[in-house]
Amino acid sequence: MIYLACDHNGVEKMKYVKKWLTENGFEWESVGADVYDKTDNYVTYVLKANELVKKEGNFGIYMCGTGIGVSMAANRTKGIRAVLCNMEETAYFSRLHNNANVICFSAGYEGYPRFCKQKMMRCIKTFITTKFEGGRHIARVVDLDEKF
């Protein structure tokens with residue numbers, strides 16, 4: 001299952017993500033804002049999504065204006081390994097070497113550059129289809145989950 005969380009800045013871009021996930025046969029649930037109603041409370045949405053994502057095999061896709069806030073909030077929860085992503089290589093290696101379970105994006109806002117929807121969708125596809133390599137990387141993931 002893929003859990004979606006965003007603030008008001010991410011509502012429009014998240015509609016595009018929902019459509020793509022549905023068209024490509026992925027199950028998803030939104031626990032974030034669904035309408036553009038200005039709020040700075042993305043932390044509440046992220047924490048709710050994190051509790052669902054922590055279950056083995058689940059993923060999260062989070063957005064705020066810059067992506068920075070949601071990624072910081074996400075990484076405050078034990079068992080969440082969130083990455084702020086802006087290219088496919090980041091999405092790939094975050095899964096392959098770090099078993100990341102949440103991918104975060106900038107939704108953009110007035111005066112801040114917008115991240116291309118097509119590039120974002122390539123990152124999401126790479127993220128959710130890349131398998132964790134395991135091996136020498138397991139110890140790092142265990143440390144991330146147990147020491148923080």
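This is a predicted model: local features need pLDDT of at least 70, side-chain atom pairs count only at pLDDT 80 or more; totals for chains, interfaces and linings use all residues.
1. **Sheet order.** The model has an open sheet of five strands. Their order is β2-β1-β3-β5-β4, and the pairing is parallel. The edge strands are β2, residues 28-30, and β4, residues 82-84. Each of these two pairs on one side only. From one strand to the next, the twist averages 20 degrees.

2. Strand β4 runs parallel to β5, which spans residues 102-106. Three bridges join the two strands.

3. **Helix α1.** Residues 11-23 form α1, which packs on the sheet. The helix touches β1 (2-6), β2, β3 (59-64) and β5. The direction of α1 makes about 170 degrees with that of β1.

4. **Largest core.** The largest nonpolar core has 25 residues. V17, I61, I103, F105 and I124 have the most contacts inside it. At least two residues of this core come from each of β1, α1, β3, β5 and α5 (117-129). Helix α5 supplies the largest share, six residues.

5. **Around I103.** I103 is one of the residues with the most contacts inside the largest core. Which residues does I103 contact, leaving aside its neighbours within four places in sequence? They are G60, I61, Y62, V83, C85, A91, C123 and F127.

Methods. Residues are numbered from 1 along each chain as its sequence is written. Side-chain values use heavy atoms; hydrogens and water are left out. Two strands pair if DSSP finds at least two bridges between them. Helices (H or I, at least four residues) and strands (E, at least two) are DSSP runs, numbered from the N terminus. Axes are lines fitted to C-alpha atoms, for helices over the stretch in contact, and angles run from 0 to 180 degrees between N-to-C directions. Contact means heavy atoms within 4.5 Å. A nonpolar core is a set of buried Ala, Val, Leu, Ile, Met, Phe, Trp, Tyr and Cys residues joined through side-chain atoms within 4.5 Å. Buried means under 20% relative accessible area, exposed over 50%, partly exposed in between (1.4 Å probe, protein chains only).
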